Amino acid sequence: MPAIQLTPAQRKDKRADAHHLDPVVLIGGEGLTPAVRKEVDAALNAHGLIKVRVFSDERDTREAMLATLADDLGAAPIQHIGKLLVLWRPIPPKEKAERDDRMPGPKVVKVLKFSRSGNHRPQVKKVKVLGNQRLTAGGEVKRAKKRTTSIKKTAAT
């Protein structure tokens, strides 16, 4: 997977966003092992923008690690400052499975009851309405019934 190419303005925005982040992945003396690559990939999937700390004194090695990670994981190299590497990759959309058996959930509804004289404040009552219930004009909770269809229509089909 090739690295993502960003414009200088986009890279500047990502650097500003990464300023307050702490390093998520630490690369030790072993260098880029498969476990480190897997961890960086998981962090990019979870966060999108990450910092990686490399415990190596060689600048060329760190630059090579940044380029390798960006190419292997399809990420954009944002910044290499000191022993910190900043990588960005858009977070993949999470798939939600739609359930067909899902019913409407309970909701809390406020019912206002005004005073007869009009001089007092209206009384506010919170009522929990379930999925199979409805609220009448008088403020009562009634069970919703299935709509009855015409006898003629049911006989015709």
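User: In which helix is Asp71 found?

Analyst: Asp71 is found in helix α3. Helices are DSSP runs of H or I with at least four residues, strands are runs of E with at least two, and both are numbered from the N terminus. The model is predicted, so local features need pLDDT of at least 70 and side-chain atom pairs count only at pLDDT 80 or more, while totals for chains, interfaces and linings use all residues. Residues are numbered from 1 along each chain as its sequence is written, and side-chain values use heavy atoms, with hydrogens and water left out.

User: Why is Asp71 called partly exposed?

Analyst: Its relative accessible area is 39%. Buried means under 20%, exposed means over 50%, and partly exposed lies in between (1.4 Å probe, protein chains only). Asp71 therefore counts as partly exposed.

User: What does Asp71 touch, not counting residues up to four places away in sequence?

Analyst: Asp71 touches Met1, Pro2 and Ala3, where contact means heavy atoms within 4.5 Å.

User: Why does the span of α3 agree with its number of residues?

Analyst: The expected span is 1.5 Å times one less than the number of residues. For the 15 residues of α3 (residues 59-73) this gives 21 Å, and the end C-alpha atoms are 21 Å apart, so the two agree. Just after α3, Gly74 has a positive phi of about 65°.

User: Which residues of α3 are buried, and why are they placed on the same side?

Analyst: Arg62, Met65, Leu66, Leu69, Ala70 and Leu73 are buried. They cover an arc of only 125° around the axis, which puts them on the same side of α3; the arc is that of the directions from the helix axis to the C-beta atoms. Their cover includes β1, α2, β2, β3 and β4.

User: Why are the buried residues of α2 said to line one face?

Analyst: The buried residues are Val36, Val40, Ala43 and Leu44. Seen down the axis of α2, they fall within an arc of 100°, so they line one face of the helix. Pro34, Ala35, Lys38 and Ala46, on the other side of α2, are exposed. What covers the buried residues includes β1, β2, α3 and β4.

User: How do you know that β1 and β2 pair, and in which sense do they run?

Analyst: Two strands pair if DSSP finds at least two bridges between them. There are 4 bridges between β1 (residues 23-27) and β2 (residues 49-54), and these strands run parallel. The chain goes from β1 through α2 (residues 34-47) to β2, a right-handed β-α-β crossover. Right-handed means that, with the strands pointing away from the viewer, the path from the first strand over the helix to the second runs clockwise.

User: What makes the pairing in the sheet mixed, and in what order do its strands stand?

Analyst: The 4 strands form an open sheet in the order β1-β2-β4-β3, with mixed pairing. β1 and β2 run parallel, whereas β2 and β4 pair in the antiparallel sense over 5 bridges.

User: Why do β1 and β3 count as edges?

Analyst: Each has a single partner strand, so one side of each is left without a neighbour in the sheet.
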